[in-house]
Amino acid sequence: MGKKDAIRSLIISISLVSYHKVLYDKGEKSEAKKYLEDEIRTYSTDGFEKAQEFKFSKSELKEIELEAIKRTMNILKNKYPDIKFSEKEIKEKVIDTMQEFLIS
């Protein structure tokens with residue numbers, strides 16, 4: 001996989017983890033939280049491995065961050081219109097996820 005493909009794949013992984021974190025924080029059912037914990041763990045493992053394949057420049061990291069924020073917001077708006085969130089919240093989740101992947 002080339003670096004451009006790795007960046008696209010990483011953006012997807014970060015957005016998947018980030019939107020599951022938002023759902024976890026906003027959810028109330030304990031059985032749903034268990035499922036979301038499992039999803040976060042699975043996507044985080046995959047994303048962490050992808051993140052370690054390349055060294056990313058500051059501009060690439062900024063692109064990853066901005067695209068992951070945009071993608072996360074789109075997923076939440078389209079799939080979960082009943083969930084209320086702010087762009088600040090999404091940005092925090094994305095940055096947190098990038099730090100977990102050791103790429104910030």
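**Group meeting: salt bridges, a core and a helix pair**

By salt bridge I mean a side-chain nitrogen of Lys or Arg within 4 Å of a carboxyl oxygen of Asp or Glu. Both Arg41 and Asp38 sit in helix H2, 3 residues apart, about one turn of the helix. Helices here are DSSP runs of H or I with at least four residues, numbered from the N terminus.

A word on the source: this is a predicted model, where local features need pLDDT of at least 70 and side-chain atom pairs count only at pLDDT 80 or more, while totals for chains, interfaces and linings use all residues. Residues are numbered from 1 along each chain as its sequence is written, and side-chain values use heavy atoms, with hydrogens and water left out.

Back to our pair: are these residues buried or exposed, or something in between? Buried means under 20% relative accessible area, exposed means over 50%, and partly exposed is in between, with a 1.4 Å probe and protein chains only. Arg41 counts as partly exposed because its relative accessibility is 48%, and Asp38 is partly exposed too, at 27%.

The structure holds 12 salt bridges, so let me pick out some that reach across the sequence. Lys3 and Glu60 pair through their side chains at 3.0 Å, N to O. Lys3 belongs to helix H1 and Glu60 to helix H3, 57 residues apart, and the pair links distant parts of the chain. Glu60 is buried at 16% relative accessibility, whereas Lys3 is partly exposed at 29%.

Next come Lys21 and Asp96, whose side chains form a salt bridge at 2.8 Å, N to O. Lys21 is in helix H1 and Asp96 in helix H4, so this bridge ties together parts 75 residues apart in sequence. Lys21 counts as buried because its relative accessible area is 10%, and Asp96 is partly exposed at 32%. Glu100 joins in as well: Lys21, Asp96 and Glu100 are linked in a network of salt bridges.

Glu100 also takes us back to H2. Ser44, in helix H2 (residues 30-51), touches Val17, Glu100 and Phe101, not counting residues up to four places away in sequence. Contact here means heavy atoms within 4.5 Å. Ser44 is buried, since its relative accessibility is 15%.

Now, how do H1 and H2 pack? Their axes come within 9 Å and cross at roughly 155 degrees. The axes are lines fitted to C-alpha atoms, for helices over the stretch in contact, with angles from 0 to 180 degrees between N-to-C directions. That makes H1 roughly antiparallel to H2, a label for angles over 145 degrees. Among the residues meeting at this pair are Leu10, Val17 and Lys21 from H1, and Ser44, Gly47 and Lys50 from H2.

Last stop, the core. Which residues of the largest nonpolar core touch the most other members? Of its 26 residues, they are Leu10, Ile14, Ile64 and Ile103. Such a core is a set of buried Ala, Val, Leu, Ile, Met, Phe, Trp, Tyr and Cys residues joined through side-chain atoms within 4.5 Å. H1 gives the most to this core, with 9 residues. Leaving aside neighbours within four places in sequence, Leu10 is in contact with residues including Phe56, Ile64, Phe101 and Ile103.

Note on methods:
Helices (H or I, at least four residues) and strands (E, at least two) are DSSP runs, numbered from the N terminus. Angles under 35 degrees count as roughly parallel, over 145 as roughly antiparallel, 65 to 115 as roughly perpendicular and the rest as oblique.
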